[in-house]
Amino acid sequence: MNEVKAYGIDVGGENSISRHNELQFTGNWFIDAGILGFVNLMEEVYGWDLEELQVRIKKNTKLVYYWYFPIAFVYYNNKLRGKTVRSIPNPPRDFESEIDIFDAAWEWICSKEEFIIFTKKGKRIDLSFKKPFNYFTNLLFFQPNWTIEKQKDAFMEILGIKNIEKEVLRHIDKTINKFLPSMEEFSNIPYSRTLLTLGTLLNIHSYSLVYILCFPLAFIQNILQEDIFFYSPDLRFTRYVNKKIAKLVEKVEDRSQLIQITWKVVIDSIIEMQSVWTLENMYLIKYRLGGRQDIINAEYIGIPKLQASIVLDDLVRDALNKNIPTPKRERGRIVWVWILEEFIKNKPLLPYLINYLHEYLSGRLNTRLGNKTLIYANSVDAQLREFRDKDNNLFSNEFFNRYRSILSEIKEDATTMFFAAKNAYEIFDGYEERERVASRLLSAIRKRNKYAFMNILLKSFIGKAEKQKEVKNLNRYLFDRIVSNGVNWENYALAIVIGLIYGGVESGELEELEE
């Protein structure tokens, strides 16, 4: 019997098994999460890596799905609660049909007293919906009043060797996957029971219901009370990155750094595996289940194409790979954020730079960022602001021309800012004068008052006759980059403030200041 036809739905006929005899992502992220969860389950129970699993699926698809999977699912669910068996036998060799293979697997499961419990309704397989299976509270065979016979029927329906009778499998909604809407949420659509039918699901993959059961096993558990899954369109790369993240998570004591660590792993892996194309097609998916298994605080963090092209440059990435303070306080301590992550999330960097300089000049920081970080972050922010302002038409020639050139423009802009910073530093004499002027200029920038900024700076040039060359250079910079600039003048003005504090000599490291 073809396993798909047991569903009563034609999704590929006799070619269905051959079409899906190799594991690969489908493009539907929650089915793909289930595929990764399936891979993780097989590795956890049988020790197979992805390559060995692929070989076994090609060699005998039926054995993998009808023998190995049901046993692994029951075994792992019990193992998480300390209930294990000594060994799992080899599969039968003399069975050809899916039903015969599954019957043999179910018979072995039922023969293990470690997996059996007795209830008022009768004997049942002990399947608990404790974490990570709390995602499936009261779904199918997890229900505590289901007998062993009903549990077997549900497994057979999921595996496609018995016609679907369970309503929950016919109308796919948030009961099956918490990221889907419920029928109640779309009650204004009377002609539809669900936005996703069983036929649609099986057209994505003939083993979609199997993968849905494995969905929670793709996520790295309990990161700041959330579960995290890194997703890209490539199964091998996605698995590689998630395994690296999981290993690092075990070693980290400061849980607040986990998202930063995750992004570092992602970027390092992309460079290591030369999978540049995945960078602009990937997401971090975070979720947390509430008391009623409702998803709260789900977040999908993608990398926009523009950020992807910039972050792969070693120079820029290294400059942004630093933490910077925010105006927030927790328990009286300054909250720091990772500049690279904020950039990846498409957040403006200018407010962080202004706040850092304000905190520094106010004497509230005992660390000092290198001006390489400040100038490059400032240049990146300036170019992105200009890019967004000019390129409203996604398909214009200007958009594609600027997109290709923006990285070189960031570097050229940084060079110009360093030059302005150096001249500003050399015009003034002594630490106190520089900081006094810097504070007044920063105040004007914070108020978004361009003319006050110009007035303060030009008046401060009075009496600097011996610095004619530097004043001339800075005047040219003011008129070229600030006077007629209505888009991002604050970025170019901030470079002068940075120069007054740091000078124009590049410094990339975080410095500890003396008390």
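Visitor: Why is Cys214 called buried?

Guide: Buried means under 20% relative accessible area, exposed means over 50%, and partly exposed lies in between (1.4 Å probe, protein chains only). Cys214 has 0% relative accessibility, so it counts as buried. By the way, this is a predicted model: local features need pLDDT of at least 70, side-chain atom pairs count only at pLDDT 80 or more, and totals for chains, interfaces and linings use all residues. Residues are numbered from 1 along each chain as its sequence is written, and side-chain values use heavy atoms, with hydrogens and water left out.

Visitor: What makes Cys110 buried or partly exposed?

Guide: Its value is 22%, so Cys110 counts as partly exposed.

Visitor: What makes a set of residues a nonpolar core?

Guide: The members are buried Ala, Val, Leu, Ile, Met, Phe, Trp, Tyr and Cys residues, joined through side-chain atoms within 4.5 Å. The largest one here has 86 residues, and Phe453, Ile482 and Ile496 touch the most other members. Helix α21 (residues 489-502) gives the most to this core, eleven residues. There's also a second, separate core of 73 residues, with Val39 and Phe73 among them.

Visitor: Which stretches get called helices?

Guide: Those are DSSP runs of H or I with at least four residues, while strands are E runs of at least two, numbered from the N terminus.

Visitor: Why is α15 called largely enclosed?

Guide: Ten of its twelve residues are buried, so the rest of the structure largely encloses α15. Those buried residues include Leu350, Tyr352 and Glu359.

Visitor: What is the phi of Asn346, and where is this residue?

Guide: Asn346 has a positive phi of about 65° although it is not a glycine. You'll find Asn346 in the loop between α14 (339-344) and α15. At 36% relative accessibility, Asn346 counts as partly exposed.

Visitor: Why is Arg448 called partly exposed?

Guide: Its relative accessibility is 44%, so Arg448 counts as partly exposed. Arg448 also has a positive phi, about 55°, although it is not a glycine.
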